[in-house]
Amino acid sequence: MPASPSTARAINDRLALRLLQQEGPLTAGQLKQLTGLSRPTVADLVERLTTSGLIEMVGESGEQRRGPNARLYGIVADRAYLAALDVRLEGVSVLVSDLVGRVLAEASVPIDDDSGTGPAVEQAVALVERAAKEAGAEHLHTVCVGAPGLIDPTTGELRDTSGLPAWHRRLVAALHERLPDTRVVVENETNLAALAEQRDGAAHDRDTFVLLWLGMGIGAAVVLDGAVRRGASGGAGEVGFLPVPGTRGLPSATDCEGGFHSLAGAGAVLELARECGVLGVEGAEGSSAAEVVRWAVTGVGGSEPGAGRDAAAAATPDSAPAPNYACAARFLDTLADRLALGVASVVALLDPGCVVLGGEVGQAGGDELAVRVAERITRMSPLPAEVRPSVLGGAAVLRGALLTAQDGAQGELFG
């Protein structure tokens, strides 16, 4: 049956808004071309959306063209303000944007382990409020919180997972209390990173892939047919608990030590760097796993042994010796051996066709590390799997949180 006139108008309006989301400001002529609608229909929907306060004229298409046909229309950016949070063990980062995703304010605050739940929560909430004030946002429409841990697929709440600070769970409740008219969404940080890599990063051409998060902890995000798969309890991708050879024991229900985390977590990467001589023990102290991997990559950056040493010296702080080619290559090869154990398991179970090495460590490893892991997967698995380094690194969590907040707000306002 044909759609009723009101239904047809709603469909056309939604199509035009989606195009303005994806393409940015457009003229009526461009909307006509992209939608295939008639000129009178486009004129009606532009008037309707302008009257409703959803779009506005934001300029003209060029100096050579004047008049109604040259007017550029865009989404009303200040119709709603959004906030994205990246909650880590050691602190919180936040950014505030308008409805079209233009970042208006950014801030972060370190939170000490000894702060206590109440003071830690107050620091984080106050950070959000200060960033909103700086952005000129009197009201936040949607806040998306990216946090480590399991998200209950039924309630959407952060589950009480041992090993994570108590203030993580309390923060979400505090945001609900302090921002009663704001929609607060919480999502696993790795899932948000995968969304960002799919929209703007390494997996931009993939509907099915797995992002392996390499950071302080280890996790994976599973994206199948364009959708994030969370599992029955929200725990899909908890590969840190994956039993693998090479560890000193087995993981338990409350501790991932002995699992894949023991081979590929940040602590294990630093220990491997010491063993391989990439950095002296003294020089390695205070360095992050990502910095160590980046130094090793510069150490093998040339085609001949030692060709990357000058670059390594330039990239390495004065307090730490630059890695030589042999040490850097041994470190990256051994790290690739370890990562391949987790990647091979994911490939065998899901056949994703593509695995992104995410997080700060995956980005730091770049093609040097990704190629090494891919070579090992080719030998270990009959299933083809491309291995790519992260484009966004640790910034992917905030970017994914912003995209999630933006999608939710626009879906509600444009519905």
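**Entry 1: helices α10 and α13**

I started with how α10 and α13 sit against each other. Their axes come within 8 Å and cross at roughly 10 degrees, so I call the two helices roughly parallel to each other. For that label, angles under 35 degrees count as roughly parallel, over 145 as roughly antiparallel, 65 to 115 as roughly perpendicular and the rest as oblique. The axes are lines fitted to C-alpha atoms, for helices over the stretch in contact, with angles from 0 to 180 degrees between N-to-C directions. I quote both values because two packed helices are described by the angle between their axes and the distance between the axes.

A note to myself on the source: this is a predicted model, where local features need pLDDT of at least 70 and side-chain atom pairs count only at pLDDT 80 or more, while totals for chains, interfaces and linings use all residues. Residues are numbered from 1 along each chain as its sequence is written, and side-chain values use heavy atoms, with hydrogens and water left out.

Helices (H or I, at least four residues) and strands (E, at least two) are DSSP runs, numbered from the N terminus.

Which residues make the α10 to α13 contact? From α10 I listed Ala289, Ala290, Val293, Arg294 and Val297, and from α13 Glu360, Val361, Ala364, Gly365 and Glu368. Contact here means heavy atoms within 4.5 Å. The residues of this contact divide into six nonpolar, one polar and three charged. In that scheme Ala, Val, Leu, Ile, Met, Phe, Trp, Tyr, Cys and Pro are nonpolar, Asp, Glu, Lys and Arg are charged, and the others, Gly among them, are polar.

**Entry 2: burial of α10**

I then asked how many residues of helix α10 are buried. Nine of the 11 residues in 289-299 are buried, so the helix is largely enclosed by the rest of the structure. Among them are Trp295, Thr298 and Gly299. Buried means under 20% relative accessible area, exposed over 50%, and partly exposed in between, with a 1.4 Å probe and protein chains only.

**Entry 3: salt bridges**

The count comes to 19 salt bridges, each a side-chain nitrogen of Lys or Arg within 4 Å of a carboxyl oxygen of Asp or Glu. I picked out three.

In helix α13 (residues 359-380), Arg372 and Glu368 are four residues apart, which means about one helical turn between them. An α-helix has 3.6 residues a turn, so residues three or four places apart point the same way. The side chains of Arg372 and Glu368 meet at 2.8 Å, N to O. Arg372 is buried at 13% relative accessible area, and Glu368 is partly exposed at 25%. I also found this pair inside a salt-bridge network with Asp333, Asp337 and Arg376.

Asp205 and Arg388 also meet at 2.8 Å, N to O. Asp205 is in the loop between α6 and β9, Arg388 is in strand β13, and the two are 183 residues apart. Arg388 is buried at 14%, while Asp205 is partly exposed at 47%.

For Arg88 and Glu189, the closest N and O atoms are 3.9 Å apart. I noted both as buried.

**Entry 4: the five-stranded sheet**

What is the strand order of the open sheet? I read β6-β5-β4-β7-β8, with mixed pairing. The edge strands are β6 and β8, each pairing on one side only. Strands pair if DSSP finds at least two bridges between them. Neighbouring strands are turned by 15 degrees against each other on average, direction ignored.

β4 (residues 81-87) and β5 (residues 91-98) pair in the antiparallel sense over seven bridges. I checked Asp86, and its bridge partner in β5 is Ser93.

Two helices lie across strands here. Helix α5 (residues 166-178) lies across β4, β5, β7 and β8, at about 165 degrees to β4. Helix α6 (residues 189-200) lies across β4, β7 and β8, at about 90 degrees to β8.

**Entry 5: positive phi**

Last, I looked up two aspartates. Asp225 has phi near 55 degrees, a positive value in a residue other than glycine. Asp225 is in the loop between β10 and β11 and is exposed at 64%. Asp351 is in the loop between α12 and β12 and is partly exposed at 41%.
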